[in-house]
Amino acid sequence: MKKVTLFPAWRGAGEGHGWGWAQCVRWEAGEGGPSWGLECPLWCVLCRGGKERLKQACQRGRGALCLPADMLSLRLPQLFDIHQVPKVFREDGIMSGYRHPRSSALDCILSSFQMTNETVNIWTHFLPTWYFLWRFSMLCSTLDFLTESYTWPLLVYMLMICLYPFTSSCAHTFSTMSAEARHICYFFDYGALSLYSLGCAITYGSYVMPDCWVNSWLHQHFATIAIGNSLFCTSMSCYSRFVELQFPQKSKVLRTSAFVVPFLFDSFPLFFRLLSCCWGSCSPSEALASHSYHLLFAFLTCFLFASHLPERLAPGRFDYIGHSHQLFHICAVVGTHFQMEAVLTDMASRKDWLTSHSVLPSFLGTMGVLALGILLNLGIIGVFSACLPRMPRQSTSASSGAHLHQE
């Protein structure tokens, strides 16, 4: 019996033709052999040699189909083991599933639909982007972001929680186009996280600040200090890539510190509120419960980022599913969800008190601060990107050609 494959049935161009629902295409099996076919709504049966015949059909009808004749030659990118890729592309404890270090943009996009060691990283931030965009659209239908200044800090925050997972997903998708492209992709990833920390500071300063700190010096300068933290975060994390190959431990400490410092500063008012409740000077609330969950997932995120567990304990076992960066992404997104719920609750429950005891947020103090942060961070990314040609050349691994010539 001959092996068969299913394809859509094409009835030709012209009026009344096109893709058929009640007619199939019959292909001859060979000289003097029986013809094969199948009467079904959408599918036709191709026997031996059917692939070539379908290519010919596509060639004859591609004016109507608008499909290239080589539509069947598209293949998913080849994958490599850790010893086959340059050192700059390697990850601790990940032994296989690496993409080609000179992938095209199309290969990078196709690889997101292929099981590689980056696939889950891509989707664990791409899908949440759409969730946060959906929540943002719901808020746009219920709040007046254009004229009500009290909502402007929330607007900044929602923009940032949509930006950082999308930027991360793009960075993981296109990071194998070249060694230089990898660095630039992650520069933007770090910049987006830095701006997210700035958005958190603007929001916390407006909605989360303890009652006794409202109108204090720290409250009035909270966003200004956060701009400095944002620049420190982007600069330090970008610089850490320049020393990563020669001093990997130093690089890890620098990069972790770059994100921990803004987080601790942003969360300082929250820590005070939680400790005050523990001492009995406030009553528990729904907002503080959500804030607590956010802090729990934030600490898990930091632990996973710094520890490289579980793949460090079993190299090669978690190459595709379950390694620390995937868990790091999931914890970060879940933590952001709880943070968003806490901010929304604080914003609604404290509105009357905050509007009567403090100055309403200004456009300059919210969108203006964000715009300044974006410009300064883009400048830092530009400076570090311009310095990449002077980076130690071992980052591109001169031996990569020898490893990959067999593909």
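User: What share of the 407 residues in the protein chain is buried?
Analyst: This is a predicted model. Its secondary structure comes to twelve helices and six strands. A residue counts as buried under 20% relative accessible area. Of the 407 residues, the buried share is 48%.

User: Among contacts between residues at least 6 apart in sequence, what percentage joins residues at least 24 apart?
Analyst: A contact here means heavy atoms within 4.5 Å. Take the contacts between residues at least 6 apart in sequence; those joining residues at least 24 apart make up 70%.

User: What part of the accessible surface belongs to carbon and sulfur atoms?
Analyst: The protein chain has an accessible surface of about 20,400 Å². Carbon and sulfur atoms contribute 66%.

User: How far does helix α3 reach from its first C-alpha to its last?
Analyst: Helix α3 covers residues 119–142, which is 24 residues. At 1.5 Å a residue, 34 Å is expected. The span in the model is close to that, at 36 Å.

User: How are the planes of Tyr-131 and Phe-132 arranged?
Analyst: The whole structure holds 20 aromatic pairs. In this one, the ring centres lie 5.3 Å apart, with 55° between the planes. Planes under 30 degrees apart would be stacked and over 60 edge-to-face, so the remaining class applies. The Tyr-131 and Phe-132 pair is tilted.

User: How many residues apart in sequence are the parts tied together by Trp-152 and Phe-363?
Analyst: The two rings form an edge-to-face pair, 5.6 Å centre to centre with 85° between the planes. Trp-152 lies in helix α4 and Phe-363 in helix α11, so the pair ties together parts whose separation in sequence is 211 residues.

User: Is Phe-363 buried or exposed?
Analyst: Trp-152 is buried at 13% relative accessible area. Phe-363 has 52%. The cut-off for exposed is over 50%. Phe-363 is therefore exposed.

User: Which residues do ring pairs link into a cluster?
Analyst: Two rings pair if their centres lie within 6.5 Å. Ring pairs link these residues into a cluster: Phe-113, Trp-123, Phe-126 and Trp-130.

User: What is the area of the nonpolar surface patch made by Tyr-293, Leu-296 and Leu-300?
Analyst: Leu-300 sits in helix α8. With 35% relative accessibility, Leu-300 is partly exposed. The patch comes to about 280 Å².

User: Which peptide bond is cis, with omega near 15°?
Analyst: Most residues other than glycine have a negative phi, and most peptide bonds are trans. In the loop between α8 and α9 lies Pro-310. The cis bond runs from Leu-309 to Pro-310.

User: What is the phi of His-308?
Analyst: His-308 belongs to the loop between α8 and α9. At 12% relative accessible area, His-308 is buried. Its phi is positive, near 55°.

Terms used. Residues numbered from 1 in each chain as written. Predicted model: local features only at pLDDT ≥ 70, side-chain atom pairs only at ≥ 80, totals over all residues. Heavy atoms only, no water. Patch = residues over 30% accessible without salt bridge, like charges linked within 9 Å, V, L, I, M, F, W, Y side chains within 5 Å. Areas by Shrake-Rupley, 256 points an atom, 1.4 Å probe, with all protein chains shown as cover. Salt bridge = Lys/Arg side-chain N within 4 Å of Asp/Glu carboxyl O. Helix = DSSP H or I, 4+ residues; strand = E, 2+ residues; numbered from the N terminus. Buried < 20%, exposed > 50% of the residue type's maximum accessible area, 1.4 Å probe, protein only. Expected span 1.5 Å × (residues − 1). Phe/Tyr/Trp six-rings, centres within 6.5 Å; stacked < 30°, edge-to-face > 60°.
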